[in-house]
Amino acid sequence: QDWLAEGRQEGEAKGRQDGEAAVTLRQLNRRCGPLSEATTAQIRALPVEKLEALADALLDFQGPAELAAWLATNT
């Protein structure tokens, strides 16, 4: 049964990460315009802690250059 609990925890963590990424990407598209597939993939790969930090930081972004700078220093 340990494997079942472990699988459930991994699924919940992945679901949280996917949800956080989806919301952050939606906000970034509004703030910075359409994102490239490479940038989208890079953001989707971030752990939850980094996604939360990005979600906070993007409120101050004025455009895509600031997103690129954030990603350069945080990935």
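Q: Accessible areas come from the Shrake-Rupley method with a 1.4 Å probe; what is the accessible surface of the chain, and what share of the surface belongs to carbon and sulfur atoms?
A: In this predicted model, the accessible surface of the chain comes to about 5100 Å², and 53% of that surface belongs to carbon and sulfur atoms.

Q: What makes up the secondary structure of the chain, and in which order do the elements run?
A: The chain has 4 helices and 0 strands, and, read from the N terminus, the order of its elements is α-α-α-α. The C-alpha atoms of the chain fill a box of roughly 50 × 20 × 20 Å when the box is taken along the principal axes.

Q: Why is Gln 17 called buried?
A: A residue is called buried when its relative accessible area is under 20%, and Gln 17 has a relative accessibility of 9%, so Gln 17 counts as buried. Gln 17 has its place in helix α1, which covers residues 2-32. Once neighbours within four places in sequence are left aside, the residues in contact with Gln 17 are Arg 44, Ala 45, Leu 46, Val 48 and Leu 51.

Q: Is Asp 60 buried or exposed, and how do you know?
A: The word exposed asks for a relative accessible area over 50%, and Asp 60 has 58% relative accessibility, so Asp 60 counts as exposed. Asp 60 sits in the loop between α3 and α4. From C-alpha to C-alpha, Asp 60 and Arg 8 are 36 Å apart in space, while 52 residues separate them in sequence.

Q: What share of the chain is buried?
A: Of the 75 residues in the chain, 29% are buried.

Q: Which residues are in contact with Leu 67, leaving aside its neighbours within four places in sequence?
A: Contact asks for heavy atoms within 4.5 Å, and with those neighbours left aside Leu 67 is in contact with Leu 28, Cys 32, Leu 35, Thr 39, Ile 43, Leu 54 and Phe 61.

Conventions. Residues numbered from 1 in each chain as written. Predicted model: local features only at pLDDT ≥ 70, side-chain atom pairs only at ≥ 80, totals over all residues. Heavy atoms only, no water. Helix = DSSP H or I, 4+ residues; strand = E, 2+ residues; numbered from the N terminus. Buried < 20%, exposed > 50% of the residue type's maximum accessible area, 1.4 Å probe, protein only. Areas by Shrake-Rupley, 256 points an atom, 1.4 Å probe, with all protein chains shown as cover.
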